[in-house]
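Hello,

Here is the structure I said I would pass on. Please open it alongside this email; my notes follow below.

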2 protein chains.
Amino acid sequence: MFKETFQRYLTMIEQTLAQLPWDEDSLNESMYYSLIGGGKRIRPVLALASAEAVGGNPETVLQAALAIELIHTYSLIHDDLPAMDNDDYRRGRLSNHKVFGEAQAILAGDALLTYAFEILANLELGQPERELRVIREVALAAGKDGMVGGQVADIAGEGKALSLNEIEEIHKAKTGAILTVSARLGGILAGGTEEQIEALTDYAQALGLAFQIKDDILDIVGDSETLGKPAGSDIRQGKSTYVSLLGLEGAGHQLHAQILKAQAAIKPLGERASFLNELAFYIEERKH
Amino acid sequence: MFKETFQRYLTMIEQTLAQLPWDEDSLNESMYYSLIGGGKRIRPVLALASAEAVGGNPETVLQAALAIELIHTYSLIHDDLPAMDNDDYRRGRLSNHKVFGEAQAILAGDALLTYAFEILANLELGQPERELRVIREVALAAGKDGMVGGQVADIAGEGKALSLNEIEEIHKAKTGAILTVSARLGGILAGGTEEQIEALTDYAQALGLAFQIKDDILDIVGDSETLGKPAGSDIRQGKSTYVSLLGLEGAGHQLHAQILKAQAAIKPLGERASFLNELAFYIEERKH
């Protein structure tokens, strides 16, 4: 059932992505190149599943879910730039700037971020207050107090010995904020109650940390081919991670604790949240 | 009267800018550094004046005007990057990446763009449909079909012999779209009629071209100190400009024609548009 639902969400997302209009120029081509780069689509899936978990129709949040994927994609393009992580590959393909050049990669990222807000302002669900709230929350999660701020803190922490608390703060901002707003916007646009939206928030925050801990573990135990990127890069970059601080076993325990926390948070949502419940296990067991 | 009004607008803008909350970290510092870098504030001034030109209160559009200035500032930070124009100076000060490093300059730009949409989603004017329309129009003007698209076309055109038509298309996207939406959002948020908003649109499009032609002229006849950047850089970069295609005198005629066009467009707005009328002369005669 979990696999079928996951596949249903993915099909909806890929179809909506394929229907986005693109002009035939190199900028559009470079934006599209990274967008169809075969990501896990965790964020839009989370948005659709959250809508269903509060009893709404996932179709309602599809466009907003897409906007989140655009924002995620822009952040990866900018992260890969020579001035940032200087990664030549992303998901087993050449990174955007290796194909289109650095200038255009910067601009493709800028355009994807802007396009995301264009899509969010075009939802036309007949609920303008809710739509404005979603734009507000997405901007907050993506900006200086969320994803971008976390990225700056992450760069500033490179080569330094960070505490577990500091690592957690960085991840909450860098990856957690966008994951959390993905779940929240699903709940908000589908007309969930504030209590339901809070439950989704707690779930997504725990899931986000679990996701990051798993990333740290995979960097050690994963193989480069399955990951689509070189394993062991955290060690080479001198990064403090859950594994470097807690060891593999300790990190595994932390991971499982977050999974249980996530699942406890959505208990009140009942049977409709069973996909989210399974998704937590999926995050714990993923191989890439 | 024109100078007093201009000063009144500038004071409103600088005061609102000064009231924006900033955290005490290097990301906030780098965003603020470029934002207070002493620009001409033409875009927010245009927004405030457009609100008054349709009989509205400029206070109403102040926050939105600020958002536009944030977007303009982000675009300058990214334009100056080594991978783009590689400018060490901007308005007589070191460019953002020369002070904060390339990685953080990219992120400061990203955060300013995102912050702009946060502000636009927080207007709380009690007119959610209008507010959504403004976000939609700003995103369109700033993105792949507007400013970013124009920037890509501009880079692609470097060193090529462009026609006047091609130059105009680039400028309409690269600088014209944001200038135009500045005027439009002033009209929209102040409750102008569609006819008034159209008049402002025609005005701003002509003004935008005039602005660009004047830029091309100043690059030849201006001195570096007054400009705050090296004069003659268009020639050194092998750029096609209004001056390279029409000569100085021809460019001057084109400039004047656009000024007259701008002024004709706002005739229907009457006396309340007298500042915009004067602003056109100001653009024609500016020294930097």
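**Where the chains meet**

Between them, chain A and chain B bury about 3600 Å², and 74% of that is on carbon and sulfur atoms. Please keep in mind that this is a predicted model. Chain A puts 43 residues into the contact, and chain B also puts in 43 residues. Six residue pairs are in polar contact between chain A and chain B, counting pairs with both residues at pLDDT 80 or more. Salt bridges between chain A and chain B number zero.

On the side of chain A that touches chain B, the elements giving two or more residues are helices H2 (26-35), H4 (62-80), H6 (102-120), H7 (128-142) and H8 (147-157) of chain A. Of these, H6(A) gives the most, with 12 residues. By class, this side of chain A has 25 nonpolar, nine polar and nine charged residues.

**Salt bridges**

Side chains of opposite charge can pair when their charged atoms come close. Over all chains, the whole structure has 24 salt bridges. One of them joins A:Glu14 to A:Arg41, with the closest N and O atoms 2.7 Å apart. A:Glu14 lies in helix H1 (residues 2-19) of chain A, and A:Arg41 lies in the loop between H2 and helix H3 (42-53) of chain A, so this pair ties together parts that are 27 residues apart in sequence.

How do H9 (residues 164-189) and H13 (residues 242-265) of chain A pack, and at what angle? The angle is about 105 degrees, and the helix axes are 10 Å apart. H9(A) and H13(A) are therefore roughly perpendicular to each other. From H9(A), the residues A:Leu164, A:Ile167, A:Glu168 and A:His171 meet A:Tyr242, A:Leu245 and A:Leu246 of H13(A). By class, five residues of this contact are nonpolar, one is polar and one is charged.

Regards

Terms used
Residues numbered from 1 in each chain as written. Chains lettered and ligands numbered in written order. Predicted model: local features only at pLDDT ≥ 70, side-chain atom pairs only at ≥ 80, totals over all residues. Heavy atoms only, no water. Axes fitted to C-alpha atoms, helices over the stretch in contact; angles between N-to-C directions. Helix = DSSP H or I, 4+ residues; strand = E, 2+ residues; numbered from the N terminus. Parallel < 35°, antiparallel > 145°, perpendicular 65-115°, else oblique. Contact = heavy atoms within 4.5 Å. Nonpolar A, V, L, I, M, F, W, Y, C, P; charged D, E, K, R; others polar. Buried area = accessible area lost by both parts, 1.4 Å probe. Salt bridge = Lys/Arg side-chain N within 4 Å of Asp/Glu carboxyl O. Polar contact = N/O pair within 3.5 Å; in protein donor to acceptor, adjacent residues only side chain to side chain.
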